[in-house]
Amino acid sequence: MPHSTGFGQRRDPRTERPVALGDVVDELLGEEPFRRGMPVATLIQAWPDVVGGRLAEATTPVSLEGGCLVVRAADGPWGSQATYLAEEIRKRADDALGGGVVVSIRIVIGTQENRRSTR
């Protein structure tokens, strides 16, 4: 019988009893890979309010690791603008996440396929 290749890494035992889908989703969202991604998803949704409409069209939050928010800018001029506003973006992004989360910001330039970074 086919089985998931990742099931062997699961901590919880398999069960034959039916489980509500909401319970499964809640448990998955509590696990590390999902917990790390939730703040970025929250920021993506709130991004126009965090940086303003024009800057939101040219930038996007891509990761948040160890308090460092990485923001991707479409090109050099937008990267310069985001760098100039980095501290304000950091404060507003931190506020959007409830405070005490975003301690630094790093701007990267280009598309996901063209990863050049600036500091």
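My search of the whole structure returned one salt bridge.

I note that the model is predicted: local features need pLDDT of at least 70, side-chain atom pairs count only at pLDDT 80 or more, and totals for chains, interfaces and linings use all residues. Residues are numbered from 1 along each chain as its sequence is written, and side-chain values use heavy atoms, leaving out hydrogens and water.

I then checked the setting of the pair. Glu87 and Arg90 are separated by about one helical turn because they are three residues apart in helix α5 (residues 86-96); helices are DSSP runs of H or I with at least four residues, numbered from the N terminus.

I compared accessibility (buried under 20% relative accessible area, exposed over 50%, partly exposed in between; 1.4 Å probe, protein chains only). Glu87 has 41% and so counts as partly exposed, whereas Arg90, at 16%, counts as buried.

A polar atom of its side chain lies 2.8 Å from the backbone oxygen of Val102. Leaving aside residues up to four places away in sequence, Arg90 touches Val102, Val103, Ser104 and Ile105 (contact: heavy atoms within 4.5 Å).

Lastly, I looked up Leu21, which lies in helix α1 (residues 21-29). Leu21 counts as exposed because its relative accessibility is 64%.

Terms used
Helix = DSSP H or I, 4+ residues; strand = E, 2+ residues; numbered from the N terminus. Salt bridge = Lys/Arg side-chain N within 4 Å of Asp/Glu carboxyl O. Polar contact = N/O pair within 3.5 Å; in protein donor to acceptor, adjacent residues only side chain to side chain.
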